[in-house]
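Trainee: I have a model open and would like to learn how to read it. Could you walk me through it, one feature at a time?

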Amino acid sequence: MKLTLLSALALSLCASASAKEPVITKEVREENGQKVEYMFINGIKVHEEDPAKQPQPEIVTPKPYDAQAAKAPEGAIVLFDGTAESVEKWSAMNGEPTKWKLVDGALESVREAGYIRTKKEFGSCRLHIEFASPAKPEGSGQGRGNSGVFLMGQYEVQVLDSYENTTYPDGQCGALYGRKIPLVNASRPPGEWQTYDITFTRPIFDEAGKVTRKARFTVIHNGHVIHDDVELSGATSWAGPHSVKEYAKHADKAPISLQDHGNPVRFRNIWIQEIAD
Ligand code: MG
């Protein structure tokens, strides 16, 4: 495929002068008569699959499941505990009852049932959530065990079966989708329960809609820190095959949502603690 460079736009999207802030550049290329936006973070293309340009994170042995640490602490809001009653804390995105299934005490994504969201809304928070990709793996790459945990309904911590399943690192299990690869690959085999412990600080916007404080993530996957107080450089939603969107002003609180990506991924033991800003 011949790519014609229409414009090379070096856009510094940094709000502050922190040396650690990634440099983001964009190019618009013409492909088959269409203008396609490419985004690069520190020179690496979003969804780069070439390991010479974006190495795969090191594979580590998951830490043993810590039942005590996984228990909802006193005062936490339980969002799902395996009961039908707790399913009522979730709905389809349009507010109707979800078509996801309660299976063996787990909430299972149903193809074409759509995303689900909490009825309650949250901003900065600490979220514990457990997930299992299908025991019988099907598909490959992004097609295997794909779901996602969306803070404020939009900032995605990817859920994927990344056990002996390679994809672009910024879309593998634990990635802040399209924005940040996980420090390590701590995935368990398909069918096994995995944990995320997510500490999320919400973004803040000014009146004009400009982000004045970017979101931050610390994520622990099966006992391993995979994001250590990472500042999220922008949104994680799809803007093209190699591009994700920028921040767009939203409310101070929004539901947590979980993705239906067509794979029957299961969730259990979901609880949340609100954090003061
Ligand atoms: Mg996903």
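Trainee: Let me start with Phe267. Which residues is Phe267 in contact with, leaving aside its neighbours within four places in sequence?

Mentor: Keep in mind that this is a predicted model. For Phe267 the list is Phe80, Ala106, Leu107, Ile129, Glu130, Phe131 and Leu258.

Trainee: Which residues have the most contacts inside the largest nonpolar core?

Mentor: A core is read as a connected set of buried nonpolar residues. Here the largest one has 40 residues, and Phe267 is among those with the most contacts inside it, together with Ile129, Val149, Ile198, Phe217 and Val219. The elements giving two or more residues to this core are β6 (77-80), β11, β12 (147-151), β13 (155-159), β15, β18 and β23 (266-274). The largest share, four residues, comes from β11.

Trainee: Which residues does the second, separate core include?

Mentor: That core has seven residues, including Met39, Val46, Ala235 and Val244.

Trainee: Which strands are joined to β12 by bridges?

Mentor: For pairing, look at the partner, the number of bridges and the direction. Five bridges join β12 to β13, and the two run antiparallel. Within that pair, Ser147 has Val159 as its bridge partner. β12 also has two bridges to β22 (residues 257-258), again antiparallel, and there Val149 is partnered by Leu258. Leu258 is also one of the contacts of Phe267, and Val149 is one of the residues with the most contacts in the largest core.

Trainee: Now β15. Is β15 mostly covered or mostly open?

Mentor: Mostly covered, with six of its eight residues buried. Its pairing is read as before. Strand β11 (residues 125-132) is joined to β15 by seven bridges in an antiparallel arrangement, with Glu130 opposite Thr195. Six bridges join β15 to strand β18 (residues 216-221), also antiparallel, and Tyr196 stands opposite His221 there.

Trainee: And loops? Where is the place of Pro190?

Mentor: For a loop residue, find the flanking strands, then its surroundings. Pro190 is in the loop between β14 (184-185) and β15 (194-201).

Trainee: Why does Pro190 count as partly exposed?

Mentor: The reading rests on a neighbour count, where 20 or more other C-beta atoms within 10 Å means buried and 12 or fewer means exposed. Pro190 has 18 C-beta neighbours inside 10 Å, so it counts as partly exposed. Beyond its neighbours within four places in sequence, the contacts of Pro190 include Ser133, Pro134, Gly145 and Tyr163.

Trainee: How do I read the whole chain? What radius of gyration does the chain have?

Mentor: Compare the value with the one for a compact globule. With 277 residues, such a globule would have a radius of gyration near 19 Å, and the chain has 19 Å, so the two agree. The chain holds two helices and 23 strands, and 36% of its residues count as buried. Of the contacts with a separation of 6 or more, 62% come from residues 24 or more positions apart.

Trainee: Last topic: which domains does the domain assignment give?

Mentor: Read the bounds, then the contact between the parts. The assignment gives domain 1 (1-45) and domain 2 (50-274). Between them, 11 residues of domain 1 are in contact with 12 residues of domain 2. On the domain 1 side, β3 gives the most, with five residues. By class, that side has nine nonpolar, no polar and two charged residues.

Terms used
Residues numbered from 1 in each chain as written. Predicted model: local features only at pLDDT ≥ 70, side-chain atom pairs only at ≥ 80, totals over all residues. Rg over C-alpha atoms; globule rule 2.2 N^0.38 Å. Contact = placed C-beta atoms within 7 Å. Pairing = 2+ DSSP bridges. Domains from an automatic or database assignment. Nonpolar A, V, L, I, M, F, W, Y, C, P; charged D, E, K, R; others polar.
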